[in-house]
Amino acid sequence: MTQTPSERAARSGWRVHAWRALTATSRLLAQPTSGSRVTPDFLIIGAQRAGTTSLHRYLLDSPAVVAPRLIKGVHYFDVNSDRAVQWYRSHFPTRARMRRAMSRTGGSAVTGEGSPYY
């Protein structure tokens with residue numbers, strides 16, 4: 001069954017709204033646990049179209065790198081610097097999740113974020 005361009009756009013629009021609702025809800029629920037979350041071990045700083053997303057994906061292929069929650073770039077230092085540190089920490093894994101990753105790798109585990117705007 002072939003979709004018309006307007007049907008594809010409507011379906012895509014629905015997905016965008018659903019993703020935004022999911023990320024907003026996730027952030028809201030994570031903020032009370034910000035005290036049990038880690039701060040990033042690394043920041044990927046680059047320019048647009050310079051490979052920051054590719055580098056982030058390559059790093060996530062390692063079992064020693066734990067992904068931030070839901071998104072690559074939190075944009076705390078450029079767009080969201082007026083928000084509390086708790087908001088920033090709510091984007092990263094909990095200490096318990098980092099300990100599980102460390103036991104799985106038999107060594108250390110790190111987490112971080114990347115942005116082409118930092």
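The protein, seen here as a predicted model, has 4 helices and 3 strands, and along the sequence they follow the pattern α-β-α-β-α-α-β. Of the 118 residues in the protein, 29% are buried.

Q: Why is the pair of Phe77 and Tyr88 called edge-to-face?
A: The ring centres of Phe77 and Tyr88 are 5.4 Å apart, and rings pair if their centres lie within 6.5 Å. Their planes stand at 70 degrees, and because planes over 60 degrees apart count as edge-to-face, the pair takes that name.

Q: What parts of the chain does this pair link?
A: The pair links distant parts of the chain, since Phe77 lies in the loop between β2 (65-66) and α3 (85-89), while Tyr88 belongs to helix α3, 11 residues apart.

Q: Why is Tyr88 called buried?
A: Tyr88 has a relative accessibility of 6%, and buried means under 20%, so Tyr88 counts as buried.

Q: Which residues do ring pairs link into a cluster?
A: The cluster is made of Tyr76, Phe77, Trp87, Tyr88 and Phe92.

Q: How do you know that Arg99 is exposed?
A: Arg99, which sits in helix α4 (residues 95-105), has a relative accessible area of 53%, and exposed means over 50%, so Arg99 is exposed. Arg99 also gathers with Arg95, Arg97, Arg100 and Arg104 in a patch of positive charge on the surface.

Methods
Residues are numbered from 1 along each chain as its sequence is written. This is a predicted model: local features need pLDDT of at least 70, side-chain atom pairs count only at pLDDT 80 or more; totals for chains, interfaces and linings use all residues. Side-chain values use heavy atoms; hydrogens and water are left out. Rings of Phe, Tyr and Trp (its six-membered ring) pair if their centres lie within 6.5 Å; planes under 30 degrees apart count as stacked, over 60 as edge-to-face and the rest as tilted. Helices (H or I, at least four residues) and strands (E, at least two) are DSSP runs, numbered from the N terminus. Buried means under 20% relative accessible area, exposed over 50%, partly exposed in between (1.4 Å probe, protein chains only). Patches are made of residues with over 30% relative accessible area and no salt bridge: like charges are joined within 9 Å, nonpolar side chains (Val, Leu, Ile, Met, Phe, Trp, Tyr) within 5 Å. Accessible areas come from the Shrake-Rupley method with a 1.4 Å probe; for residues, only the protein chains shown count as cover. A salt bridge is a side-chain nitrogen of Lys or Arg within 4 Å of a carboxyl oxygen of Asp or Glu. Lys and Arg count as positive and Asp and Glu as negative; His and the chain ends are not counted. The place of a charge is taken as NZ of Lys, CZ of Arg, CG of Asp or CD of Glu.
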